[in-house]
Amino acid sequence: MPVYRDADGKIVEEKTDKSGGKTGPTSRDGDLPPVPPSDGWQATGKDRLEAPTRKMGKSRLVSSAGDEKTRLVGGRRKQADRDRLQEQANKADAMDDPVVGWLVIIQGPGKGRSLKLGYGANSIGRGETNRISLNFGDDQISREQHTTVTYDPRGKKFYVQQGSGTNLTYLDDQPVLMPTELSARNDITLGNTVVRFVPFCGEAFDWQSTENDEA
């Protein structure tokens, strides 16, 4: 066991435990006070010193940051995949119910917005159950089926008719009392809201006719 004198001239020795590890310098004379800790050694008893605990290296921290970065990148990739699938689904659904025309709000709450018309009957009202929800703050519009705009793909014509509610519908300032054919740019009044009819399908073009031509 190594024996040496400390800074005060006292004789000290460095003991070795059974496993071969150093336990730190201790006083050779039991009556002498324990050697003061130096160079990072920590006192654990009357005459025993223990080496300081070693701190974690930077390499571990870098590895953890790298793992976190990998998880974030993976999450963004999964979200991009979901967005792509949703976009593909939207494209597929578009031809299940293709647009045949629009109603554009030109007066009242929601002014400037457009509402898509599809094949068959398009019920219009404030409620979400209507095919076209006209809910921009006009409480004079009936909640359920204030009016209906219909596209007939066989005759390739549009019609407007009064719905099941008690509030009337007006076509160019005339009350709609029976199904009435619509012409391009007709104005339809529901409550305090006025919408302008803009057709897309008709005699010149129809989605079903296009499908038949391609077949």
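These legends describe close-up views of a predicted model.

**Figure 1. The whole chain of the predicted model.**
The protein has 215 residues, and 28% of them count as buried. Two helices and 16 strands make up its secondary structure. The exposed surface comes to about 14,600 Å². Carbon and sulfur atoms supply 49% of that surface. Take the contacts in the protein with a separation of 6 or more: 34% of them involve residues 24 or more positions apart.

**Figure 2. An open sheet of five strands.**
Read across the sheet, the order is β9-β8-β10-β11-β14. The pairing is mixed. Strands β9 (132-133) and β14 (180-181) are the edges, and each pairs on one side only. Strand β11 covers residues 157-162. How many bridges join β11 to β14? There are two, and these strands run antiparallel.

**Figure 3. T148 in strand β10.**
Strand β10 spans residues 147-152, and T148 is part of it. Is T148 buried or exposed? T148 counts as buried because its relative accessibility is 5%, and the cut-off for buried is under 20%. The T148 side chain makes a polar contact with the side chain of Q145, at 3.2 Å. Look also beyond the neighbours within four places in sequence. There, T148 is in contact with A121, N122, S123, Y159, V160 and Q161.

**Figure 4. The largest nonpolar core.**
This core has 22 residues. Which residues have the most contacts inside it? They are L103, L117, V149, L182 and I188. Several elements give two or more residues to the core: β6 (101-107), β7 (114-117), β10, β11, β15 (187-190) and β16. Now focus on L182. Leaving aside neighbours within four places in sequence, L182 is in contact with V149, F158, Y159, V160, L171, I188 and F197.

**Figure 5. A salt bridge between D97 and R131.**
The structure holds two salt bridges. In this one, the side chains of D97 and R131 meet, with 2.8 Å from N to O. The pair links distant parts of the chain, as the two residues are 34 residues apart. D97 lies in the loop between α1 (58-94) and β6. R131 lies in the loop between β8 (120-125) and β9. D97 counts as partly exposed because its relative accessibility is 27%. R131 also counts as partly exposed, at 36%. As a general point, side chains of opposite charge can pair when their charged atoms come close.

**Figure 6. A salt bridge between D187 and R196.**
How far apart are the closest N and O atoms of D187 and R196? They are 2.7 Å apart. R196 counts as partly exposed, with 25% relative accessibility.

**Figure 7. P199 in strand β16.**
Strand β16 covers residues 193-199, and P199 belongs to it. P199 is partly exposed, with a relative accessible area of 30%. P199 and G101 are 98 residues apart along the chain. Their C-alpha atoms, however, are separated by 4.2 Å. Which residues does P199 contact, leaving aside its neighbours within four places in sequence? They are V100, G101, F158 and A184.

Definitions and conventions: Residues numbered from 1 in each chain as written. Predicted model: local features only at pLDDT ≥ 70, side-chain atom pairs only at ≥ 80, totals over all residues. Heavy atoms only, no water. Helix = DSSP H or I, 4+ residues; strand = E, 2+ residues; numbered from the N terminus. Buried < 20%, exposed > 50% of the residue type's maximum accessible area, 1.4 Å probe, protein only. Contact = heavy atoms within 4.5 Å. Polar contact = N/O pair within 3.5 Å; in protein donor to acceptor, adjacent residues only side chain to side chain. Areas by Shrake-Rupley, 256 points an atom, 1.4 Å probe, with all protein chains shown as cover. Pairing = 2+ DSSP bridges. Core = buried A, V, L, I, M, F, W, Y, C linked by side-chain atoms within 4.5 Å. Salt bridge = Lys/Arg side-chain N within 4 Å of Asp/Glu carboxyl O.
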